[in-house]
Amino acid sequence: MTDRHVPVPGGLTYAQAGVDIDAGDALVEAIKPLAKSTRRPGAEASLGGFGALFDLKAAGFKDPLIVATTDGVGTKLKIAIETGRHDRVGVDLVAMCVNDLLAQGAEPLLFLDYYATSKLDIAVATSVVAGIAEGCRQAGAALVGGETAEMPGMYAGGDYDLAGFSLGAVERDRVLPDLDGQKAGDVLIGIGSSGPHSNGYSMIRKIVERSGLGWDAPAPFATGMTLAEALLAPTRIYVKSILPLIRGQLIKGGAHITGGGLIENPPRAIAEGLHAKIDWNAWPLPPVFAWLQEVGGVSDHELRRTFNCGVGFILIASPEHAPAVLESLLDAGEDAFVIGELAAQ
């Protein structure tokens with residue numbers, strides 16, 4: 001029998017084709033402690049197997065429905081790549097998935113990532129995964145695995161792409177939105193964002209190009225920060241603030257404000273025959289959006305359908321529950337405010 005470990009004269013290796021299996025193995029070893037730090041009831045968060053198990057009973061669920069989400073970071077990654085700042089985008093990746101789970105009333109349970117690049121840089125990849133682990137800790141989700149794909153010829157230079165996948169659960173009688181319970185006059189409560197989050201960055205990069213500023217220039221809208229630092233502010237993760245409101249049955253719906261902004265996302269959480277009547281003067285437009293609008297010559301409508309404009313999440317509550325919802329959010333450290341109400345079509 002031929003010994004396949006003996007090199008064949010002139011034979012190709014996977015490394016010669018541009019894929020370094022040893023580097024992939026080294027990355028797994030480097031991120032194992034990061035995954036371990038995200039352990040939670042129901043998941044051991046150990047890496048290396050072909051799949052991950054989760055014990056819903058150990059997590060305290062009785063009659064749950066499973067909710068699954070997936071998302072990416074988009075062209076915000078280009079800023080991270082061009083400036084060598086890779087430690088924050090992992091938080092964005094988690095946030096974009098787990099905040100979507102909240103809109104269905106679900107508690108995030110586990111998270112998996114997909115990291116694809118032309119040539120694996122262990123230091124860069126470890127930095128990205130460290131951000132993912134931080135996001136998982138904030139969300140209470142176990143980082144149970146993922147995939148690292150080294151694909152020569154698919155990506156240029158040091159480019160990489162990210163995708164995230166999160167699984168959550170919600171008790172059958174707590175699913176959101178509660179479309180049957182919504183009524184005209186229900187209150188819309190906005191929760192402040194940390195900036196553009198992970199949406200509209202193709203436009204942002206065009207506006208920065210128009211401004212003539214470099215990524216290392218002082219941010220015109222933020223004191224003591226470079227433009228890159230300010231625009232790489234991670235997406236806020238709202239799990240610890242919103243989950244108690246879901247469990248207390250204090251809200252009737254929620255909208256994560258992502259692509260489509262404040263125009264296209266709220267209708268996804270609102271019953272037929274009702275619409276979001278937003279008071280656009282209810283909160284000040286944060287400086288980053290005012291700068292983007294001015295430099296880019298962006299209309300109000302285009303701004304509102306592209307960006308969150310300072311509102312990262314909207315909750316729907318009855319008038320009698322709205323004061324308690326606001327108090328809970330403020331106590332949790334959120335910037336929360338009434339932005340309007342539901343009205344009949």
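Reply: Happy to! This is a predicted model, in which local features need pLDDT of at least 70, side-chain atom pairs count only at pLDDT 80 or more, and totals for chains, interfaces and linings use all residues. Residues are numbered from 1 along each chain as its sequence is written, and side-chain values use heavy atoms, with hydrogens and water left out.

Me: At what angle do helix H5 and helix H9 pack?

Reply: Helices here are DSSP runs of H or I with at least four residues, strands are runs of E with at least two, and both are numbered from the N terminus. Axes are lines fitted to C-alpha atoms, for helices over the stretch in contact, and angles run from 0 to 180 degrees between N-to-C directions. For H5 (residues 201–211) and H9 (residues 287–296), the axes lie 9 Å apart and the angle is about 65°.

Me: Which residues of H9 make that contact?

Reply: Contact means heavy atoms within 4.5 Å. H5 brings Ile204, Ile207, Val208, Arg210 and Ser211. From H9 come Trp291, Leu292, Val295 and Gly296.

Me: Which residues of helix H7 are buried?

Reply: Buried means under 20% relative accessible area, exposed over 50% and partly exposed in between, with a 1.4 Å probe and protein chains only. The cover over the buried residues of H7 includes H3, strand E2 (107–117), helix H4 (122–139), strand E5 (187–192), strand E8 (311–317) and helix H11 (322–331). Within H7 (residues 239–247), the buried ones are Val239, Ser241, Ile242, Leu243, Leu245 and Ile246.

Me: What is the strand order of the open five-stranded sheet?

Reply: Two strands pair if DSSP finds at least two bridges between them. The edge strands, each pairing on one side only, are E6 (253–256) and E7 (274–278). With antiparallel pairing, the order is E6-E8-E5-E9-E7.

Me: Which residue of E9 is the bridge partner of Leu188?

Reply: E5 and E9 (residues 336–344) pair in the antiparallel sense over five bridges. In E9, Leu188 has as its bridge partner Gly340.
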